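Please examine the sequence and the structure shown below. The report that follows treats a pair of helices and then a sheet.

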Amino acid sequence: MAVERDPESKFDAYAHPERLVTTEWLAARLGTPGLVVAESDEDVLLYSTGHIPGAVKLDWHTDLNDPVTRDYVDAEGFAQLMAAKGITRDTTIVFYGDNNNWWAAYALWVCSLFGHADVRLLDGGRAKWIAEGRELTKDVPSPAPTEYPVVARDDRTLRAFKEDVLAHIGHGRLVDVRSPGEYSGELSHMPDYPQEGAIRTGHIPTANSVPWKRAANEDGTFRSRDELAAIYFDEQGIKSDDKVVAYCRIGERSSHTWFVLKHLLGVADVRNYDGSWVEWGNAVRVPIEK
Amino acid sequence: MRPALQSIVDEFADYERELRLELLLDYANGLPALPERFAAADRAALERVQECQTPLFVAVEVVEPGGEGGGTVHLYFDAPPEAPTTRGYAAVLHAGLDGATVEELLGTPGDFYVQMKLAELISPLRLRGMSALLGMIKRRVSAATAV
């Protein structure tokens with residue numbers, strides 16, 4: 001790895017402690033060669049209001065998604081994006097963002113599809129950095145473009161499509177990370193705000209409800225390894241050699257849970273179904289439970 | 001469409017693609033502060049739109065309901081600084097529709113924002129929040145003027 005791992009003792013118990021960094025660790029290493037900090041937010045304007053010094057913006061919608069097909073950028077597009085952000089194949093990327101790191105986890109997951117090795121999350125995300133009164137800037141860095149190789153995206157190992165989920169029912173674990181009302185199907189839409197277009201409500205058959213938020217503390221940091229194990233292993237009965245698929249509505253909250261299961265608890269085979277409920281709840285003849 | 005709102009829509013459409021988000025941020029920064037008379041308790045009751053979106057305070061007042069044009073509408077918004085896009089939507093509606101008559105406000109096309117050409121920059125799911133917000137305001141105005 002390009003940059004040494006954060007020795008924070010809380011992380012030691014996690015399956016992959018090298019996947020997290022603390023705000024203290026990051027603050028002491030801003031500007032380190034081989035380290036790029038990337039902000040990925042729900043709110044497209046938030047980065048411009050102030051961000052961690054030196055951090056580049058990685059927008060889930062305009063950067064990571066293909067503008068025409070409902071899919072991520074292709075290998076060439078990803079290589080161009082990384083090069084423009086000053087990232088090489090060996091760079092340590094630390095992601096952070098708003099809303100409990102949903103989009104940061106999502107961006108980390110997309111980079112993982114392209115096999116970028118050293119990707120980490122800032123524990124507690126943007127909110128914790130700000131709550132601690134740490135420095136923000138509006139200066140947008142202009143990194144020198146790098147050479148990033150064109151590497152094919154692997155859509156089999158960490159990503160699940162609708163067909164994969166259909167075949168998965170009855171053969172592996174499904175984790176629905178949405179709110180209880182969405183899972184039960186009670187929540188179609190609120191009076192003033194039509195939901196993000198799903199014609200049918202409910203959940204994918206055999207899915208268990210484990211809202212993403214259970215994995216987070218109030219300050220947005222992840223719960224300890226023992227607390228997470230109590231939820232996912234003891235209560236839910238997930239085993240580390242189970243095949244697991246996580247989903248939500250458009251795949252960002254489930255990226256958070258994907259990170260927890262894959263990197264913090266060490267479940268080997270976890271995929272994120274990014275089509276999630278917006279696809280499933282609109283698809284013809286797929287089974288739904290209420 | 002009310003001329004004040006139309007000119008904002010045109011302003012966005014005329015901007016370079018890269019600058020449109022900056023313009024929205026300018027609007028967000030210029031959202032007027034909520035008047036003191038809206039008590040902290042009201043603000044605490046910010047409406048949480050849905051889990052993926054942000055809390056937003058909306059108040060609607062109609063002066064002289066039933067008067068010319070059905071009365072004059074005043075709009076008040078508040079949203080946290082960590083939600084600049086929501087603040088930007090609110091500020092555009094405030095700048096374009098505050099002081100409108102009830103008839104003008106209710107006559108605003110629900111898809112007015114399409115001409116602002118933000119669709120390439122903001123995901124459609126999020127952009128729809130703009131029309132949802134207008135819809136909410138229209139319902140409040142209708143309720144406030146119902147006999």
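Is the crossing of α1(B) and α2(B) right-handed or left-handed?

## Two helices of chain B

This is a predicted model. Two packed helices are described by the angle between their axes and the distance between the axes. In chain B, helix α1 (residues 3–14) and helix α2 (residues 17–29) have axes that come within 9 Å and cross at roughly 145°. The crossing of α1(B) and α2(B) is right-handed.

Helix α1(B) contributes B:Ile8, B:Glu11, B:Phe12 and B:Ala13 to the contact, while α2(B) contributes B:Arg20, B:Leu23, B:Leu24 and B:Tyr27. Sorted by class, the contact of α1(B) with α2(B) has six nonpolar and two charged residues, with no polar residues.

## The sheet of chain A

Chain A holds an open sheet of four strands, in the order β7-β6-β8-β9, and the pairing is parallel. Why do β7 (207–209) and β9 (269–272) of chain A each have one side without a neighbour in the sheet? Both strands stand at the edges and each has a single partner strand, so one side of each is left without a neighbour. From one strand to the next, the twist averages 25°.

Strand β6 (residues 173–176) of chain A runs parallel to β7(A), and three bridges join the two. Opposite A:Ser209 in β7(A) stands A:Asp176.

## A helix across the sheet

Helix α8 (residues 253–264) of chain A lies across β6, β8 (243–247) and β9 of chain A. Relative to β9(A), helix α8 of chain A runs at about 170°.

Notes:
Residues are numbered from 1 along each chain as its sequence is written. Chains are lettered from A and ligands numbered from 1 in the order in which they are written. This is a predicted model: local features need pLDDT of at least 70, side-chain atom pairs count only at pLDDT 80 or more; totals for chains, interfaces and linings use all residues. Side-chain values use heavy atoms; hydrogens and water are left out. Axes are lines fitted to C-alpha atoms, for helices over the stretch in contact, and angles run from 0 to 180 degrees between N-to-C directions. A crossing is left-handed if the near helix is turned anticlockwise from the far one by less than a right angle, and right-handed if clockwise. Contact means heavy atoms within 4.5 Å. Ala, Val, Leu, Ile, Met, Phe, Trp, Tyr, Cys and Pro count as nonpolar, Asp, Glu, Lys and Arg as charged, and the others, Gly among them, as polar. Two strands pair if DSSP finds at least two bridges between them.
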